[in-house]
Amino acid sequence: MALMDLANPTRFLALAGRVLPWLALASAVLLAIGFWLAFQAPADYQQGETVRIMYIHVPFAWLAMLGYSLLALSALGILVWRHPLADVSHKALAPIGAVFAFLCLVTGSLWGRPMWGTYWVWDARLTSMLVLLLLYLGLIALRSAIEDPNQAGRAAAVLTLVGFVNVPIVKFSVDWWNTLHQPASVFRMDGPTIHPSLLWPLLLTAAGFTGLMLTLHLAAMRNEILRRRLRNLEARAAAEAAYA
Amino acid sequence: MGEHASFIIAAYAVSAAVLGALALWIALDGRAVRAGLAEMEARGVRRRSAGDGTAP
């Protein structure tokens, strides 16, 4: 099936209906195995048992950035190809990405209190992640503030692309500035610095949460496509009633 | 889970609650939209392009 065929909303609905149950099941299995291994893994020599929070905090951080990158791709789809499915994807993904960014900040704070002695510091990594959450919330607010859906979609797409500059800042903030937040320990040029007994559970929970995000995104996209159909039908019914 | 158990439990509990609420919100939203479409169908209002796969 060609990529453009999948961009057809009706074919997309049929495909989503077939894929969603399997994607949800795969996510649940990956998360179950990942968490089982995570709680079997030894405690970290510095963090102690608090390292268990990393198995959720780190995937949430990755997915907050991945979500925004997918939003930027959808924004390109809106502005360059003007495809309605890109707008559907963008609108459906913003609240999901916001949730992952929010959970990243909350779980990070709950890890920071016992490890750093504080829930929050205005360091570059934490601040740029907070900016990412505010960008997500701003996109949701912007769509709500503009009545015309097409205009709202284009405005949100422009803001998304402008805000995308923050994604590399989040990623490289720990390299560019002196931060309390530790530098990257998985995605590094010289390979991960985490022992495999801790790394594998982390990769499995990350894969499981990625599957969960995709599952929620597909389900929300399906809702949005059906909502637009319902809106069109309601408008047509109202118009017919007015002429009758 | 040691002396910091409350922080670990809180992190997992908040995550489960928020993700659960998000999943529930999406599921309920889907149900509401489908109910609306079923109502329109019952009133005899159908998509002109239903089945041809061209309309969003």
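These notebook entries record what I looked up in a predicted model with chains A and B.

**Confidence.** I began with the pLDDT of chain A, which has a mean of 92, with 98% of the residues of chain A at 70 or more. Going through the chain by element, I found the lowest confidence in helix α1 (residues 3-6) of chain A, at a mean of 61, and the highest in α5(A), at 97.

**Chain B and its contact with chain A.** I then turned to chain B, whose secondary structure comes to 1 helix and 0 strands, and I noted that 14% of its 56 residues count as buried. How many residues of chain A are in contact with chain B? I counted 34 residues of chain A, in contact with 26 residues of chain B. On the chain A side, α2 (9-40), α4 (84-116) and α8 (196-243) each supply at least two of the residues that touch chain B, and the largest share, 14 residues, comes from α8(A).

**Helices α5 and α7 of chain A.** Next I looked at how helix α5 (residues 124-145) and helix α7 (residues 166-176) of chain A pack, and found an angle of about 160 degrees with the axes 8 Å apart. Since angles over 145 degrees count as roughly antiparallel, α5(A) and α7(A) are therefore roughly antiparallel to each other. Their crossing is left-handed. On the α5(A) side I listed A:A124, A:R125, A:S128, A:M129, A:V131, A:L132 and A:L135, which meet A:N166, A:I169, A:V170, A:S173 and A:V174 in α7(A). The residues of this contact divide into 8 nonpolar, 3 polar and 1 charged.

**Helices α3 and α6 of chain A.** By class, I recorded 7 nonpolar, 2 polar and 1 charged residues for the contact of α3(A) with α6(A).

**A:R82.** Which backbone angle of A:R82 called for a note? A:R82 has a positive phi of about 50 degrees, although A:R82 is not a glycine. I placed A:R82 in the loop between α3 (54-81) and α4 of chain A. Is A:R82 buried or exposed? I found 12 other C-beta atoms within 10 Å, and because 12 or fewer count as exposed, A:R82 is exposed.

**A:A43.** My last entry concerns A:A43, which lies in the loop between α2 and α3 of chain A. A:A43 has 14 other C-beta atoms within 10 Å and is partly exposed. Leaving out residues up to four places away in sequence, I found that A:A43 touches A:G48, A:E49 and A:V51. I also looked up the separation of A:A43 from A:S197, which is 154 residues apart from A:A43 along the chain, and the C-alpha atoms of these two residues are separated by 10.0 Å.

Conventions
Residues numbered from 1 in each chain as written. Chains lettered and ligands numbered in written order. Predicted model: local features only at pLDDT ≥ 70, side-chain atom pairs only at ≥ 80, totals over all residues. Helix = DSSP H or I, 4+ residues; strand = E, 2+ residues; numbered from the N terminus. Buried ≥ 20, exposed ≤ 12 C-beta atoms within 10 Å, placed from the backbone. Contact = placed C-beta atoms within 7 Å. Axes fitted to C-alpha atoms, helices over the stretch in contact; angles between N-to-C directions. Parallel < 35°, antiparallel > 145°, perpendicular 65-115°, else oblique. Left-handed = near helix turned anticlockwise from the far one by under 90°. Nonpolar A, V, L, I, M, F, W, Y, C, P; charged D, E, K, R; others polar. pLDDT = per-residue confidence, 0-100.
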